[in-house]
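Visitor: I have the sequence and the coordinates open. Can you walk me through a few details?
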Amino acid sequence: MQFFRSFALSQLTSLVRRATLRESDLAPKYEKVHNFKVHTFRGPHWCEYCANFMWGLIAQGVKCADCGLNVHKQCSKVVPNDCQPDLRHVKKVYSCDLTTLVKAHNTKRPMVVDMCIQELEARGLQSEGLYRISGFSELIEDVKLAFDRDGEKADISTNAYEDINIITGALKLYFRELPIPLITYDAHPRFIDAAKISDPEKRLEALHEALKLLPPAHCETLRYLMAHLKRVTQNEKDNLMSSENLGIVFGPTLMRAPELDAMTALNDIRYQRLVVETLITNEDVLF
């Protein structure tokens, strides 16, 4: 009898563990604000928040460009941050807000990031000058168009693009074209300030605090990218790419500065490099 009790308990524990694993594999529920734009509605329309009629002939209210929610302009100020982007409205991969993209496709990270990194790790980690050497811009543009057109069905295999530098170029282009950089404009000053701290331990503490300012989808994507770049550095004897080299490549790409004067922007470049270099080296501690 004791055996059957123990067996039943072990089976129940196993089921709970599997259920927990399945749940953790699901895309997290990222919060997202609505992307409201002034809109002129044809025919009678009612606000989807307060349910009152939307009066007027033109510009009667606002419409979310990502999920299609129609509300009064005054109601838009109190609508919860519960936008659920619809693929009918989100038609691109590149140049699309990162949180909008992952919510529309119900993924943890943008599919272009996952697919490019998986392809690179399958066949390119030992390629000399990885991320430093540029691929042909026309072919990189082809990859961009393939993702915009086909999404996760885009073919970036060696049959389609033999040169691994095309894939690295497409990934860097994705980050460059984000309307809000991976390390956001709001968080940018805190990361720069952290890089200016000379004491390594205090710098890590400051970076850890700065990471908390990132939207969850941005932070998860940054974590995944830094873990990948760490694996790139582990093949440095073949690819000749150290964390410092990768910091030079990715600093300006991930940390586009807000509107700054030319001298400040120039000064920021070395701190951008240092931020990315530190994130790569300490990715297992910081994330």
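Visitor: What is the bridge partner of Lys 37 in β2?
Guide: Lys 63 is the partner. This is a predicted model: local features need pLDDT of at least 70, side-chain atom pairs count only at pLDDT 80 or more, and totals for chains, interfaces and linings use all residues. Residues are numbered from 1 along each chain as its sequence is written, and side-chain values use heavy atoms, with hydrogens and water left out.

Visitor: How many bridges join β1 and β2, and in which sense?
Guide: Four, antiparallel, with β2 covering residues 61-64. Strands are DSSP runs of E, at least two residues, and helices are runs of H or I, at least four, numbered from the N terminus. Two strands pair if DSSP finds at least two bridges between them.

Visitor: And the strand order of the sheet?
Guide: β1-β2-β3, an open sheet with antiparallel pairing. β1 (36-39) and β3 (70-71) each have a single partner strand, so one side of each lacks a neighbour in the sheet.

Visitor: Switching topic: how many aromatic pairs?
Guide: Five. Rings of Phe, Tyr and Trp (its six-membered ring) pair if their centres lie within 6.5 Å; planes under 30 degrees apart count as stacked, over 60 as edge-to-face and the rest as tilted. One of the pairs is Tyr 94 with Tyr 174, centres 5.6 Å apart and planes at 90°, so it is edge-to-face.

Visitor: Where do those two residues lie?
Guide: Tyr 94 is in the loop between β3 and α2 (98-105) and Tyr 174 in helix α5 (residues 164-176), so the pair ties together parts 80 residues apart in sequence.
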